[in-house]
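New page in the notebook. I wanted to get my bearings in a structure I had not looked at before.

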Amino acid sequence: MATAEDPAPLPRFGMLRIIAVYKLLKVLLLLLAAYGEIRLHDATLSAKLLSWVAARPSGLEHDVVKQALQWFSGLSESRIHALRIVTLSYAAVFAVEGVGLWMQRRWAEWLTTIITASLIPLEVWELFHRPTLGKASVLVINAAIVAYLYWDVSKRHRTHAGTS
């Protein structure tokens, strides 16, 4: 129970924390992907992965690893470098969003709303060209985040404008 000295937490803070954790999980996944990309330059690791794939019967993990290795081995050095920069840039943006939301910063709500909304058309295009359940889930989650943050920020803006 909240006292006058210890006010109850804002109900929106729980939702902001959920969104912040989602953004920070994306950071973790992107950093793991960047680390994996760096490790794939090690010839012994690539050889181990290829022998592991060859020892497995055809299945989902076999196909995924085989396709990933084939795709990655076909990239030029400049494309690998560009992929690394994009991956780490997205990780940095998601980290700023996640930390800002965790700290309840209004700028982070706006930043997350704008950046997440700007990526939705790309997610829709990707979903139409290569549909998967994962892509559809990410699209729904990101659309819900944009809708919630836009509603919350505009509601608070109207409240502050009405008191001025």
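**Ground rules.** I am working with a predicted model, where local features need pLDDT of at least 70, side-chain atom pairs count only at pLDDT 80 or more, and totals for chains, interfaces and linings use all residues. Numbering starts from 1 along each chain as its sequence is written, and side-chain values use heavy atoms, with hydrogens and water left out.

**Elements.** I looked up the helices and strands (DSSP runs, H or I of at least four residues for helices, E of at least two for strands, numbered from the N terminus). I found 6 helices and 0 strands, so the order from the N terminus reads α-α-α-α-α-α.

**Inside and contacts.** Of the 164 residues, 28% are buried, meaning under 20% relative accessible area with a 1.4 Å probe, protein chains only. Next I checked contacts (heavy atoms within 4.5 Å). Among those with a separation of 6 or more, 66% join residues 24 or more positions apart.

**Surface.** The accessible surface is about 11,100 Å², and carbon and sulfur atoms hold 71% of that. These areas come from the Shrake-Rupley method with a 1.4 Å probe; for residues, only the protein chains shown count as cover.

**The patch.** Which residues make the nonpolar surface patch of about 820 Å²? I listed Val21, Leu24, Leu25, Leu28, Leu29, Leu32, Val99, Trp102 and Met103. Helices α1 (11–39) and α4 (77–102) each supply at least two of its residues, and α1 gives the largest share, 6 residues.

**One member.** I picked Leu28, which sits in α1. Leu28 has a relative accessible area of 46%, so I put it down as partly exposed, the class between buried and exposed (over 50%).

Conventions
Patch = residues over 30% accessible without salt bridge, like charges linked within 9 Å, V, L, I, M, F, W, Y side chains within 5 Å. Salt bridge = Lys/Arg side-chain N within 4 Å of Asp/Glu carboxyl O.
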